[in-house]
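Hello, and thanks for passing this one along. Here are some notes to read beside the coordinates, arranged by region.

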Amino acid sequence: MALAVILLSTASACGSSDHAADGGGGPVADGGRNAGVLGPLSHSSTIVLGQHGALYVVNPDADSVSVISTTTRSLTREILLAGAHPAPDPDTDNFTPKVMPRALALSPDGRHLYVTGQRSGRLYAIDLDRDDSLRAVAVGSEPFGVVVSADGKAVFVACSQDDTVVRIDPATMTITATVHVAAKPWALALSPDQTQLLATHLLAGTVSAIDPSDMTLTGQWSVPNADPRGDRHLAHGEARGLYDIVPRPGTDEVWVVHTLLGTDTAQPALDFESTAFPALALLRSDGTFISRLSTDASGVPGIDGAFGDVVSGSRALAFTHDGDYALVVDSGSEDVMVVGAHTRTESTLLRPLPGHLPAGIAISADDRFAYVYERNTSDVAVIKIDRTGADLKLTVDGAPIPTLSSDPMPATLRLGQHLFYSANSDEVPLTRNHWISCATCHIEGRSDAVTWQFLQGPRNTPSNAGGMLATGFLFRTADRRQVEDYWKTINVEQGGNFDPSGPVEKMLLEALAEYVNHAIPLPIPPATDPAKVAEGDALFHDPTIGCAECHSGPRFTDSGAGNPALDLGATVLLHDVGTCVTSGDLADVAHTDIQGNARSACLFDTPSLLGIADSAPYLHDGSAATLRDVLDKTRGTMGDISSLSESQTDALIAYLRSL
């Protein structure tokens, strides 16, 4: 594979000369608290410091990795992982990177950089000593987390769609072992003694513990849900969005960044202050749960959490090298929160950051600077760390450092991306007090794998992947017709203040719709057996079985059939597939759509099947954990599948997983 490298002239320094810091490829020896600390990260990240002040950053939307000089605060070169930068498709306007690099790790000697390509399914090895020469190996579907062993002889990658963690020999770039784990492994971390490889699961409250020497699963740690505590504004809910896991230096603690989703609260009591809570779960190195740190709703007398400020979308964490402080990057509220590791309470908050969608952090070896990667604005914010007083203080230090010489993503899509991920209520009217963004529930633009108690009834969060175009109506009972109708979600669920007829709001809604429809790609399907897929394809399209009767067309849905204008007040094709919830606290009820048209409680819109392997649980109420459960629950009501043998059922599931 050819490597393209964009070389940029070195810019003059725009910061103070004392800014330079060696990120370290070996032990740091400063005569103080950092002595003996290894430079390479022990956990997967979007940004890493190397030797001689070099900073490496992924560019998911540009198919590249940037190399930045922290000495001159300039972009020195951009390493392309594809033949060219991505561009909108001329026929569909879809913006889909070919590689989408998501995380990177540096070898202990600082000579090789390893990068995961979420969409290419590859691990890339960049030789930094040899003109950035490039090697790659296919590792699985949608790899994300990557870490390197302390001796540099093994690289570990989490493949989120295949539910595997693989070990690669970097000398030969071959897979030497694979371990199967629970669904959607995401972030990786190695214990300081190298005896444990830990993998978070993005959409479940679990961490897999793996023996890296023989790649066997040794345990399943729990990041438990938090039970209700009598007031819906007290932090509680189901653990989701386990984005980072980091061992705390000098201790046996492991900290996990995640979110709590308060699904026990039903509308209309459910509000923006009781929907989601940022959280840090503290575990022992044997998986024992220690405690959870979170925030509670503001303005409620007597309710105070460990976090004194409301933050949202906690995404990444880095410790000072002595382990005294944790710096937490919050993508939704667009800030960095400092937590005292001894007091286990918030120490300070840096808000706002100079850019948007912060997604990673690295701290210099001398603990004087933090570097925050901001994906949406394609830059790195430089944060000065002051420890001269009794507490740690953060300040933005100069202008952000660009990671791209030119942004390949169109400006409208960038604006929509910002809006989708932002809960920064100081800047846009999407929420109140920095609580909720679209991405809070649509994690990675997809689903949060939970069921909410809405006024219409139980509603499992659908995925936005692939956009809403050509999928017909929106919502489980065809209550809406386009992404712009989500102004009501913004106002009701997110606590925002949107007038859909206002010129500013209309422009923002259009940008949000452009991003959802054109820049959230469909998932890469997991690995499947081609023979089984072919057999399942034939069964799916067999008219005597009838799956394709409703799941038809390019998006596998008949939603909007006979109503191409998607007129909510005209005839809307809906189906009773036997899944209506008719009793209990989570019953489906008759209601009206966004325009006031009547909708039945038990007639449902046909969902698209594209990317279905990624969107468990299934059915409108999330009552089917697996695709097999879907078939079992709907036998006799959704196609004539009751006569299928076990082998044929397996083949049909394999086909569905391949879509």
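1. A charge over a ring. Please keep in mind throughout that this is a predicted model. With that said, Arg480 lies over the face of Tyr486, and the distance to the ring centre is 5.6 Å. Another such arrangement involves Arg315, which sits over the face of Tyr243 at 4.1 Å from the ring centre.

2. The rings around Tyr243. The whole structure contains nine aromatic pairs. One of them joins Trp186 and Tyr243 in an edge-to-face arrangement, with 6.3 Å from centre to centre and 85° between the planes. Trp186 belongs to strand 16 and Tyr243 to strand 20 (residues 238-247), so this pair ties together parts that are 57 residues apart in sequence.

3. Phe540 and Phe556 are paired edge-to-face, at 5.9 Å centre to centre and with 65° between the planes. Phe540 is in helix 6 (residues 530-540), whereas Phe556 is in the loop between helix 7 (547-550) and strand 35 (591-592); the two are 16 residues apart, and the pair links distant parts of the chain. Phe540 counts as buried at 2% relative accessibility, and Phe556 counts as buried at 12%.

4. Helix 6 against helix 9. How do the axes of helix 6 and helix 9 (residues 646-658) cross? They come within 7 Å and cross at roughly 95°, and the two helices are therefore roughly perpendicular to each other. On the helix 6 side, the residues that meet helix 9 include Lys532, Val533, Glu535 and Leu539, together with Phe540. Their counterparts in helix 9 include Gln648, Ala651, Leu652 and Tyr655.

5. Strand 16 pairs with strand 17 (residues 197-201) in the antiparallel sense over four bridges, and Pro185 stands opposite His201 in strand 17.

6. Two hairpins in a row. Strand 5 (residues 54-59) and strand 6 pair in the antiparallel sense over six bridges, and strand 6 (residues 64-69) pairs with strand 7 in the antiparallel sense, also over six bridges. Each pairing is a hairpin with four residues between the strands: the turn from strand 5 to strand 6 has Asp63 with a positive phi of about 55°, and the turn from strand 6 to strand 7 has Arg73 with a positive phi of about 55°. Ser64 is the bridge partner of Asn59 and stands opposite Leu80 in strand 7.

7. Helix 2. Eight of the eleven residues of helix 2 (residues 411-421) are buried, among them Leu413, Arg414, His418 and Phe420. What covers the buried residues includes strand 24 (314-319), helix 3 (438-441) and helix 5 (503-518).

8. Val148. This residue is in strand 12 (residues 143-148) and is buried, with a relative accessible area of 9%. Which residues does Val148 touch, not counting those up to four places away in sequence? They are Ala105, Leu106, Ser107, Pro108, Tyr114, Ala154, Val155 and Leu190. Val148 and Ile168 are 20 residues apart in sequence and 9.6 Å apart in space, C-alpha to C-alpha.

How values were computed:
Residues are numbered from 1 along each chain as its sequence is written. This is a predicted model: local features need pLDDT of at least 70, side-chain atom pairs count only at pLDDT 80 or more; totals for chains, interfaces and linings use all residues. Side-chain values use heavy atoms; hydrogens and water are left out. Two strands pair if DSSP finds at least two bridges between them. Rings of Phe, Tyr and Trp (its six-membered ring) pair if their centres lie within 6.5 Å; planes under 30 degrees apart count as stacked, over 60 as edge-to-face and the rest as tilted. Buried means under 20% relative accessible area, exposed over 50%, partly exposed in between (1.4 Å probe, protein chains only). A charge sits over a ring if NZ of Lys or CZ of Arg is within 6 Å of the ring centre and within 35 degrees of the ring normal. Axes are lines fitted to C-alpha atoms, for helices over the stretch in contact, and angles run from 0 to 180 degrees between N-to-C directions. Angles under 35 degrees count as roughly parallel, over 145 as roughly antiparallel, 65 to 115 as roughly perpendicular and the rest as oblique. Contact means heavy atoms within 4.5 Å.
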